[in-house]
Amino acid sequence: MNNIPIHKFKDFEGMRKAGKLTAKILDELNDIIQPGISTDKINNFCHDMILDNGATPAPLGYRGFPKSICTSVNHIVCHGIPSENKILQSGDIINIDVTVILNGWHGDSSRMFVVGRINKKAENLIKITYECLLKGIEVAIPGNHFGDIGYQIQKYAESKKYSVVRDFCGHGIGKIFHTPPSVLHFGKPNEGDEIKPGMFFTIEPMINIGKKEVKILNDGWTAVTRDKSLSAQFEHTIGITEKGNEIFTLSQNNSYFPLNIL
Ligand code: MF3
Ligand code: CO
Ligand code: CO
């Protein structure tokens with residue numbers, strides 16, 4: 001039950017640095033993600049920038065994952081593998097998920113990016129998914145329970161007639177990439193463990209326009225919506241403080257709003 005790591009005050013500094021680098025990398029991608037670029041080029045850009053900053057990419061070799069970031073286009077829910085053959089086209093939406101290890105600490109964050117011009121349906125999905133993440137973070141405070149996070153996300157997504165993916169969840173994080181707790185993006189108020197100061201975890205809702213069901217492709221990684229409907233995701237790494245929480249992976253130049261490049 002109670003195997004959720006509680007970190008010390010000084011550990012926040014390590015997470016702050018790792019989170020900052022993660023955000024700085026994502027900030028750079030606004031200019032790079034354009035029609036005609038391959039997802040492998042985006043991978044290589046991130047890989048090089050991670051190493052240049054004295055960090056390592058956590059996904060590379062993690063349980064056999066072959067690349068340094070995840071690139072999930074359109075109906076891919078998560079864990080898309082960057083490829084030279086996947087060329088982005090105007091109208092695509094893409095989630096880029098970056099996890100760095102800096103001085104032993106993990107920063108894990110993902111955002112949606114739009115390629116060229118996208119339609120209103122895709123635009124609305126991205127906006128609502130971003131708001132789902134913010135609503136989850138809002139209730140991630142001491143005294144609340146993990147079920148409160150899932151409840152807020154599910155309630156909002158379903159009020160917009162979207163569905164919440166059940167097969168993947170947020171996670172504890174710190175010196176280890178994935179630790180307890182599993183942070184579900186659906187649930188009921190007051191359920192699950194209590195949220196306490198010193199906990200570090202991610203919230204990373206995946207929201208579909210269609211049904212919630214997903215399947216994994218033959219590569220063993222790529223998760224897609226079964227009905228091929230569009231899916232979006234945002235992720236932050238946060239730390240629980242005495243008063244509330246600190247978002248470690250906030251954009252560093254405020255360049256980022258999901259739809260600012262439409
Ligand atoms: N960054 C993902 C997460 O949010 C995990 C990717 S694991 C990988 O937890 F192996 F697919 F890279
Ligand atoms: Co994560
Ligand atoms: Co991630």
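How far does a polar side-chain atom of glutamate 235 lie from an oxygen atom of ligand 1? The separation is 3.0 Å, which falls within the polar contact limit (a pair of N or O atoms within 3.5 Å). Before going further, please keep in mind that this is a predicted model, where local features need pLDDT of at least 70, side-chain atom pairs count only at pLDDT 80 or more, and totals for chains, interfaces and linings use all residues. Residues are numbered from 1 along each chain as its sequence is written, chains are lettered from A and ligands numbered from 1 in the order in which they are written, and side-chain values use heavy atoms, with hydrogens and water left out.

Histidine 178 places a polar side-chain atom 2.8 Å from an oxygen atom of ligand 1, and for aspartate 108 the distance between a side-chain N or O atom and a ligand oxygen is 3.1 Å. On its own, ligand 1 has 330 Å² of accessible area (Shrake-Rupley method, 1.4 Å probe), and the protein covers 97% of it. The surrounding shell holds 14 residues, each with a heavy atom within 4 Å; Pro59 and His171 are among the closest. By type, the shell divides into 6 nonpolar, 4 polar and 4 charged residues, with Gly counted as polar and Asp, Glu, Lys and Arg as charged.

Now for the metals. The cobalt ion (ligand 2) has protein donors (N, O and S atoms within 2.8 Å of the metal) from Asp108, His171, Glu204 and Glu235, at 2.0 to 2.2 Å. Along the chain, their spacing reads D-x62-H-x32-E-x30-E.

Why is the arrangement around the cobalt ion (ligand 2) irregular? Its 6 donor atoms subtend angles of 51 to 160 degrees, so the arrangement counts as irregular; six donors would be octahedral if opposite ones were over 155 degrees apart and all others between 65 and 115.

Conventions: Polar contact = N/O pair within 3.5 Å; in protein donor to acceptor, adjacent residues only side chain to side chain. Donors = N, O, S within 2.8 Å, 3.2 Å for Na, K, Ca; no water. Tetrahedral: all angles 85-135°; square planar, octahedral: opposite > 155°, others 65-115°.
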